[in-house]
Amino acid sequence: MMIIQIVLILFFVFALFKTVLRFKVREISLSQFIFWIIFWICAGIVVYRPNLTATLAKFLGVGRGVDAILYLAIAGLFFIIFRIWVRLDKMEKNITRLVRQDALDNKNK
Amino acid sequence: MPAFNEEGKIGRVIRGLFEHSYKNVLVVDDGSSDQTAMQAREAGALVIRHLINRGQGAALQTGNDWAIKNGAELIVHFDGDGQFNPKDIAHGLEKIQAENLDVLLGSRFLDTRSKIPFFKKYFILPISRFVNNLITGLKLTDVHNGFRILNLAAAKEIRITQDGMAHNSEIPKLIKKLNLRYSEYPVEVSYNEHGQGIGGGFKILRDLFIDYISK
């Protein structure tokens, strides 16, 4: 096993542990919990046995398994960034609404 | 009048307005960390405060909301940093009523009073005009001019959701979309050192883009 595999697997175990903790204090919902548990376990399996991705790569028409995973991961990341952007924008607008309402209510402050 | 950290200038600007007998001056202090609110009050303006800084667009909308609530018939947007000339208001108020317009937009290009720095005049502003005309679909000679007069109907219909500087593009867009009667008229803009450079322009484009994709 290469060192990078050990490091990544340790990281996934850590993330798994964190996910369980978050779920315990109900910071994340059951569906989120399940999603992340499956996600980290899959990530661990892929790192442990990279050759498993070869089938996927072949199916997608990409040369190597690692490449297929990378492409998918980048696409996924962009999607997540997009969602965070949109949410942040919504949050900003809500903050403005609160600040505005406060300003209008307290004109003599 | 939106104001953010303008303690050095705001008093003079407000006194200028009072000298031209505009007494209903509302300052929206956009979470300034200096004495802007106090200076504005001392100069005789009514002041409401954003607890935290939300940007010029947000402050303008707060001002509009306040004005609508308090029975304004015409609302003048006027910068708090002394760039505008209070003399230009009278002519504008006349024009908007005489021509039965909803919105009157100030332009520094319609007469020769404004001494626009060379780089700004021949480089930054033409580019921003081109981009804006493209985005908003409204042909304006001066797209980023904070001097505006709105009648009550326009103030009620135009809701500024761009908290930052992109409201300067959002407003023309809404004028077009809502089919408001508008016109431009000449105002004087005097230049002090600060203003938005090219970076500011990119920030506006980014804000507009985020807004576009989050709808």
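Q: Which way do the residues of β5(B) point, and are they buried or exposed?
A: Val103(B), Leu105(B) and Ser107(B) point one way from β5(B), Leu104(B) and Gly106(B) point the other way, and all are buried. A residue counts as buried if 20 or more other C-beta atoms lie within 10 Å of its own, as exposed if 12 or fewer do, and as partly exposed in between, with C-beta atoms placed from the backbone. Strands (E, at least two residues) and helices (H or I, at least four) are DSSP runs numbered from the N terminus. This is a predicted model, in which local features need pLDDT of at least 70 and side-chain atom pairs count only at pLDDT 80 or more, while totals for chains, interfaces and linings use all residues. Residues are numbered from 1 along each chain as its sequence is written, and chains are lettered from A and ligands numbered from 1 in the order in which they are written.

Q: Why is β5(B) largely enclosed?
A: Strand β5 (residues 103–107) of chain B is largely enclosed by the rest of the structure because 5 of its 5 residues are buried.

Q: Which strands does β5(B) pair with?
A: Strand β6 (residues 148–151) of chain B runs antiparallel to β5(B) and is joined to it by 3 bridges, whereas strand β7 (residues 182–186) of chain B runs parallel to β5(B), with 5 bridges. Two strands pair if DSSP finds at least two bridges between them.

Q: And what sits across from what?
A: In β6(B), Arg148(B) is the bridge partner of Leu105(B), and Ile149(B) stands opposite Leu104(B). On β7(B), the bridge partner of Val103(B) is Tyr182(B).

Q: What is the strand order of that sheet?
A: The order is β4-β6-β5-β7 (chain B), in an open sheet of 4 strands with mixed pairing. Its edge strands are β4 (74–77) and β7 of chain B, each of which pairs on one side only. The twist averages 20 degrees from one strand to the next, where axes are lines fitted to C-alpha atoms (for helices over the stretch in contact) and angles run from 0 to 180 degrees between N-to-C directions.

Q: Changing topic, what is the order in the open sheet of 3 strands?
A: That sheet has the order β1-β2-β3 (chain B), with parallel pairing, and its edge strands are β1 (2–3) and β3 (46–50) of chain B. Between β1(B) and strand β2 (residues 26–30) of chain B there are 2 bridges, and Ala3(B) has Asp29(B) as its bridge partner in β2(B).

Q: Which helix lies across it?
A: Helix α4 (residues 65–105) of chain A lies across β2 and β3 of chain B, at about 150 degrees to β3(B).

Q: How many residues of each chain are in contact with the other?
A: 13 residues of chain A are in contact with 16 residues of chain B, contact meaning that the C-beta atoms of two residues, placed from the backbone, lie within 7 Å.

Q: What about the largest nonpolar core?
A: The largest nonpolar core has 44 residues, and those with the most contacts inside it are Val27(B), Ala40(B), Val103(B) and Leu104(B). Such a core is a set of buried Ala, Val, Leu, Ile, Met, Phe, Trp, Tyr and Cys residues joined through C-beta atoms within 7 Å.

Q: How confident is the predictor?
A: Chain A has a mean pLDDT of 89 and chain B averages 87, where pLDDT is the predictor's confidence in each residue, from 0 to 100. For the complex, the predictor gives an ipTM of 0.80 and a pTM of 0.77.
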